[in-house]
Amino acid sequence: MSVALPSPRGIMGDVVQMHFSTPDYVIFALLLVASTCIGLFYALSGGRQRTTQEFLLADRSMSCLPVSLSLLATFQSAVAILGVPSEIYTYGTQYWFLGVSYFLGLLVPAHVFIPVFYRLRLTSAYEYLELRFNKTVRIMGTVTFIFQMVIYMGVVLYAPALALNAVTGFDLWGAVLAMGLVCTLYTTLGGLKAVIWTDVFQTIVMFAGQLAVIIVGAHQAGGMGEVWRKAINGSRIASLDLNPDPTERHTFWTLGVGGVFLMLALYGVNQAQVQRYLSSRTEREAVMSCYVVFPCQQVVLCLGCLMGLVMFARYGEDSPLDKGYMVLYFVMDVFRDLPGLPGLFVACLFSGALSTISSAFNSLATVTMEDLIKPYWPAMTEAKATLLSKGLAFAYGLVCLAMAYTASHMGSVLQAALSIFGMVGGPLLGLFCLGMFFPWANSTGAIVGLVAGLVMAFWIGIGHFVSRMAVPTTLPPIINSTAMPLPSNMTTAVMTTAESDQVHVCLSRPTGVQALYNLSYLWYSAHNSTTVVIVGLIVSLLTGPMKEKDLTPGTVYPVLGNLLFFLPECYREILYCVTPLPQKVGCRPPRWRIPPMNQ
């Protein structure tokens, strides 16, 4: 897939070095070697990954800091590193208000989802669905998650390699194969412990690369004061937009409220994150990892915003550069006289890709093993189960490379593939919320609700995609951020397109079904998860609500009883409607309380 890009001459100067020097190649190679060495270390030390508990859950021995940095790295992908600065350069700092959603988006998982999952001693998040509903719901949830992640893996691997190839001439498939094989190797050999510790290393590289670009770029632009002045003069410093219109792409409400549901889908019920919580030594450390992620996410968001402002200060608003590749053009320009630093940023870029893909491999191997294989072969020995888990991680690595090859032939369908990832997250969040917060929801309601949520998600997503494609325009078909509800800081764009959005703004205000198709991507998760809950509750009430005596202890969180704490105890007990897990330490709590954290 060849990409024709505009020449940067006249915008970034006449001496732009569009190639890597030897120090750049050395730094990039060191990243791959270090990641592989971490995997080898954990394959040859400790328990040597001989049990499924060690391979899939790091023997439940991880401390707070590495878990929190791994949580951060999992969805801080290369796509986000490319997309967020381009978003800020094009539209201004309105996206920064997404940071408001991080508070509830991490507080709710810390105090609702983690206690429930941790005390049930799960390995796969989808085990919860069988405990709460039945095996059919569990399998449906697992298959939906596998579909979501497999679609996404190849794109996350291919997109940064394509950007690097377009800007520097770096061999496209050499980069794809190097990343894919290294990632597969250390994930297969070292298990979750290797994945988490490589995430820690890669997070440090990501911070270093972004900081280097901001510091050098700001210095060349005349200092941060000059950067800020140009951003204000160029109307890139956004004020608080309280427009309640849900079709508006970015407002305080879409970012601060709609973003909460995106965060919950990622940090609350996504297997890649749940697996990290479950690998913690204690429940308290799992909860603390969520708290540590909060300031780290704010720092990451601010770095992306600052990089976008520095880009604007350097080039102004008239740059014809493709917005998807602009960050790499900018880096090559800023570092053209500093050999080694372009390699540092590319290492930062590919660290994001490696952390995301390795998490996908490990989580996919876990759900396949725990949800689709073990229940049907319960007599499998631990040695065979561990070997099979490693084989699954390796197989998903090969699938990732195959998906990257597929992505190279997708063209504009690439946008649809990324949209699919976002579409599936909302219904899965709704399914877990239905089970956890509504004790009368039954398995029939869960199945019908999930199907309804997925149908609604694909209806809106495909309708949006088709309506965009129908817009008459001669502009190049580049990925459109508004159609992609993506993970975490990726929510604005893989490669932002100001052009198509400007065309959209110029059209008349949509009404009826068209208005639904133009719903801001940040509301997708909220809309689709709400659909699952409402349909699931209606069907449950029509088919006979679940009785309290049939609930598995510990699978329902007493949200109403806890929120209405001011009511007399006799009324609260009715609202709790939940049997808690047996307490493991201390005295038995009242029937409506969730047991205290395990120490």
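This briefing describes aromatic ring contacts and charges placed over rings in the structure above. The model is predicted. A pair of aromatic rings is described by the distance of the centres and the angle of the planes. The count of aromatic pairs in this model comes to 19.

**Pair of tryptophan 96 and phenylalanine 97**
- Tryptophan 96 and phenylalanine 97 form an edge-to-face pair, with 5.6 Å centre to centre and 75° between the planes.
- Tryptophan 96 is partly exposed, at a relative accessible area of 37%, whereas phenylalanine 97 is buried, at 13%.

**Pair of tyrosine 126 and phenylalanine 145**
- The rings of tyrosine 126 and phenylalanine 145 form a tilted pair, 5.6 Å centre to centre with 40° between the planes.
- Tyrosine 126 lies in the loop between helix H5 (99-119) and helix H6 (127-132), and phenylalanine 145 lies in helix H7 (residues 135-168), so this pair ties together parts that are 19 residues apart in sequence.
- Tyrosine 126 counts as buried at 1% relative accessibility, and phenylalanine 145 is buried with a relative accessible area of 0%.

**Aromatic cluster**
- Tyr126 and Phe145 belong to one aromatic cluster, together with Phe113, Phe117, Tyr128, Phe432, Phe437 and Tyr557.

**Charges over rings**
- Over the face of tyrosine 118 lies arginine 121, at 5.8 Å from the ring centre.
- Lysine 135 has its charged end over the ring of tyrosine 376, 5.4 Å from the centre of that ring.

Definitions and conventions
Residues numbered from 1 in each chain as written. Predicted model: local features only at pLDDT ≥ 70, side-chain atom pairs only at ≥ 80, totals over all residues. Heavy atoms only, no water. Phe/Tyr/Trp six-rings, centres within 6.5 Å; stacked < 30°, edge-to-face > 60°. Buried < 20%, exposed > 50% of the residue type's maximum accessible area, 1.4 Å probe, protein only. Helix = DSSP H or I, 4+ residues; strand = E, 2+ residues; numbered from the N terminus. Lys NZ or Arg CZ within 6 Å of the ring centre and 35° of its normal.
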